[in-house]
Amino acid sequence: MSKKVSRRTFAKVAGAAALGSAAVPLVAGGASPEPCITVKSLGGAAAAQDDALRAFPQGFIWGTATASYQVEGAVKEDGRGPSIWDTFSHTPGKTVDGATGDVADDHYHLYKKDVQLMKALGVKAYRFSVAWPRVFPNGDGQANPKGLDFYHRLVDELLANGIQPFATLYHWDLPQSLQDRFGGWEGRETSKAFADYAGYVAKQLTDRVKHIFTINEFGAFVEVGYRWGVHAPGLRLTGLRLNQTRHHAVLGHGLAVQAIRASAKKGTKVGLAENITIAAPVYETPAHVAAAERATREMNAQYLTVIQEGKYTDWYLKQAGADAPKFTAEDLKIISSPLDFVGINVYTPQFVRASDAEPGFVHVPHPPSFPHAPSPWLFIGPEALYWGPRHVARLWGAKEIYITENGCSSSDVPAADGKVYDTDRVTYLRSYLTQLRRATAEGVPVRGYFLWSLMDNFEWADGYTNRFGLHYVDYKTQTRTPKLSADFYREVIARNAVV
Ligand code: GCO
């Protein structure tokens, strides 16, 4: 060890030693490629402690997620009716490169192979969505048993491979007929039709499906589809019409919870999957933490807050003024029908700091240099996976929480050997899971995690340009290739720990 140690290298070594890291060969001053200093593994008790710091609770459910229109294809098969996403994606200029979900991953035909991908990962659960227009081609009226048959086959295949099915009933593919006749979620009739469909599916599937999510992401399909016009049905509602649409979405959820409870087999658990807006404190002082909690409650007032509390917050109603939604006391009771669990989709935090002025917090926007994934909205803030579940547990006393989505897009270019070395995704996942681990270690009751997504798929208005999969999909051949992140996730699952 006679080689020179520069000040920078010394700092690294000292830091690593202080952290108790395992054998780390370091190169002195960058002058020589040979290792010159090795920090000894502490071994024994320290190593065991390190392992414990990475471990998740026993029985933690590791899964992956997809959604019908994003993966299935087969849009005209077995009596499926058109959905608002068929119409929207076939309207010129609405999606990147005019992409549609006509074929997508052809999961409708390749589901058995896809279940084998899951098995190879070692996942214990799979979150998929049922396409409403397969089951009720017009949204209501006559059911189409052939459409539901696909989900019978899928569920049987999952169970035969030791994978628990978790079914979402609405992941945005609204039957077009409901949009045409009632304005989609703008009309109360759609909430009612959703409940009928939910009860029907629950009756058919709950002998085998024990976890049902009513709706995926109120905060996305209403805001992006009915307010910003960027997703189907491409509307730009404002004022009372927008607030009423929001209200009908949560009402549809509540009615569906009741319908599922009335028709499902005993032991069925019901919840939702919301992309809750997660306020994270700019830094962790009691004042900013309290502000983040307040902010989370207010920023989700029209969705998760009213579902959990059975009332719209005073601040929301005050801001909405004359445009506040019209509702009855009975509506609020339905909307807040008790749930068995809460699912949250977690991607990015919204930073806030405390303020003396009403409502007690202010947003701190992301500066342009804030790191983000290729999806421009996906700011990388691992702490979202700590604060999200923690807020849900503290604000509303949730006893069973699932992370129903978390993941990231990446440029994902296959290397010469055909493999995709998505070290950015691995880094993202490791950082986020470390924060989730912080939450479970503090006793936040997170029972499972569903990585978005099993494989690359139709990313809505972004078409096929933003890939989120653990498996790379060659859309020309429908070949799936595991990425480095799939190897990573397999290890996480096998060890039940961050790796
Ligand atoms: C959503 C979803 C998924 C997305 C994923 C990545 O909210 O958009 O539930 O369908 O593909 O979140 O954007």
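Ser83 is buried, with a relative accessible area of 0%, where buried means under 20% relative accessible area, exposed over 50% and partly exposed in between, using a 1.4 Å probe and protein chains only. The model is a predicted one, in which local features need pLDDT of at least 70 and side-chain atom pairs count only at pLDDT 80 or more, while totals for chains, interfaces and linings use all residues. Residues are numbered from 1 along each chain as its sequence is written, and side-chain values use heavy atoms, with hydrogens and water left out.

Ser83 lies in the loop between α3 (68–71) and α4 (84–89); helices are DSSP runs of H or I with at least four residues, and strands are runs of E with at least two, both numbered from the N terminus. Leaving aside residues up to four places away in sequence, Ser83 touches Pro133, Asp173, Leu174, Pro175 and Gln176, a contact being heavy atoms within 4.5 Å.

Ala131 sits in the loop between β4 (125–129) and α6 (132–135), and this residue is also buried, with a relative accessible area of 0%. With residues up to four places away in sequence again not counted, Ala131 touches Ser68, Glu72, Tyr151, Asp173 and Tyr197.

| Pair | Separation in sequence | C-alpha distance |
|---|---|---|
| Ser83 and Thr168 | 85 residues | 16 Å |
| Ala131 and Pro92 | 39 residues | 24 Å |

For the protein chain as a whole, the secondary structure comes to 18 helices and 15 strands. Its radius of gyration is 24 Å, close to the 23 Å that the globule rule gives for 499 residues, so the chain is as compact as a globular protein of that length; the radius is taken over C-alpha atoms, and the rule is 2.2 Å times the number of residues to the power 0.38. Buried residues make up 57% of the 499 residues.

Helix α12 (residues 286–299) and helix α13 (residues 301–309) pack at an angle of about 100°, with their axes 6 Å apart. The two helices are therefore roughly perpendicular to each other, a term that covers angles of 65 to 115 degrees, with under 35 counted as roughly parallel, over 145 as roughly antiparallel and the rest as oblique. In this packing, Thr296, Arg297, Glu298 and Met299 of α12 meet Ala301, Gln302, Thr305 and Glu309 of α13.

Key
Axes fitted to C-alpha atoms, helices over the stretch in contact; angles between N-to-C directions.
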